[in-house]
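The sequence and the model are shown first.

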Amino acid sequence: MTEDAIHSLTDEALVEAIIKTNDTMLFEVLYDRYATMVYNKCYGFANGVDEAKDLTQDVFLRVFIKLASFKGKSKFSTWLYAFTYNHCVNYVTRSTAKKIEKQSVNPESVDIQNIGEEIDSTREFENMRVDQLKKVMELISPEEKMILLLKYEDNLTIKELSEALDIGESAVKMRLKRAKEKLVQKYDNYTKDGESI
């Protein structure tokens, strides 16, 4: 297969070829397609650039080992988003003993108005200040942060979330509802106290 032909393969066809051949050169093509996206996701959970790079390498190492578990129920990119977030959540959970002082969410990419429209709350959630939202995102659990980012930063549908996380759609809706409620509660406490975090 020529290099052009390899690069023109869909993600799913590339994954199939990698599983059949275990060819690391083919995996490099997949890596090149998604390295930046995975790094950006990891950076949101990491304590600095070096840790984000290490997490990114860990994710791809594990993806290579676990690639056969991709069943094609969702798009590969959706599966990879969820795989990356799950890895980061597990990493952060394991690392709770050492306090993570800086987790960075790109607040510009979180659709605040979209979250606001879906929250049954009397306050105007979309008027939240972006800098405060960024700080409040660090106060919720990694699992809550993950599902909100998958929904509002990566714009996954309920169906895609259900497939990616391998849980039912009603469970996805419940987790989203709880995460949003927690975010509103933390935001309310943060703005009421007026303290910097």
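## Pocket and helix packing

In this predicted model, the second largest pocket has a volume of about 350 Å³. Its lining is made up of 17 residues, and those nearest the centre of the pocket are Ser69, Trp79, Phe83, Asn86 and Ala164. Three helices, α4, α5 and α9 (158-165), each give at least two residues to the lining of this pocket. Helix α5 provides the largest share, with six residues. Sorted by class, the lining of the second largest pocket holds four nonpolar, six polar and seven charged residues.

| Helix pair | Angle between axes | Axis distance |
|---|---|---|
| α4 (residues 49-66) and α5 (residues 76-94) | about 125 degrees | 10 Å apart |
| α3 and α4 | about 140 degrees | 9 Å apart |
| α2 (residues 11-21) and α3 (residues 24-43) | roughly 145 degrees | within 9 Å |

Helices α4 and α5, which both supply residues to the pocket lining, pack at an angle of about 125 degrees. That angle makes α4 oblique to α5. Their crossing is right-handed. On the α4 side the contact is formed by Glu51, Leu55, Asp58, Val59, Arg62, Val63 and Lys66, and on the α5 side by Trp79, Leu80, Phe83, Thr84, His87, Cys88 and Tyr91. The residues of this contact divide into eight nonpolar, two polar and four charged. Trp79 and Phe83 of α5 take part in the contact with α4, and both are also among the residues that lie nearest the centre of the second largest pocket.

Helix α4 also packs against α3, at an angle of about 140 degrees. The two helices are therefore oblique to each other. The crossing of α3 and α4 is right-handed. From α3, the residues in contact are Thr24, Phe27, Tyr31, Tyr34, Ala35, Val38, Tyr39, Cys42 and Tyr43; they meet Val49, Ala52, Lys53, Leu55, Thr56, Gln57, Val59, Phe60, Val63 and Phe64 of α4. This contact of α3 with α4 has 15 nonpolar, three polar and one charged residues.

Asp11, Leu14, Val15, Ala17, Ile18 and Thr21 in α2 touch Leu26, Phe27, Val29, Leu30, Arg33 and Tyr34 in α3. By class, the contact of α2 with α3 comprises nine nonpolar, one polar and two charged residues.

How values were computed:
Residues numbered from 1 in each chain as written. Predicted model: local features only at pLDDT ≥ 70, side-chain atom pairs only at ≥ 80, totals over all residues. Heavy atoms only, no water. Axes fitted to C-alpha atoms, helices over the stretch in contact; angles between N-to-C directions. Helix = DSSP H or I, 4+ residues; strand = E, 2+ residues; numbered from the N terminus. Parallel < 35°, antiparallel > 145°, perpendicular 65-115°, else oblique. Left-handed = near helix turned anticlockwise from the far one by under 90°. Contact = heavy atoms within 4.5 Å. Nonpolar A, V, L, I, M, F, W, Y, C, P; charged D, E, K, R; others polar. 1 Å grid on protein atoms, 1.4 Å probe; cavity = no way out; pocket = protein on both sides within 12 Å on 5 of 7 lines; lining within 4 Å. Points joined across faces, edges and corners; volume = space filled by probe spheres on them.
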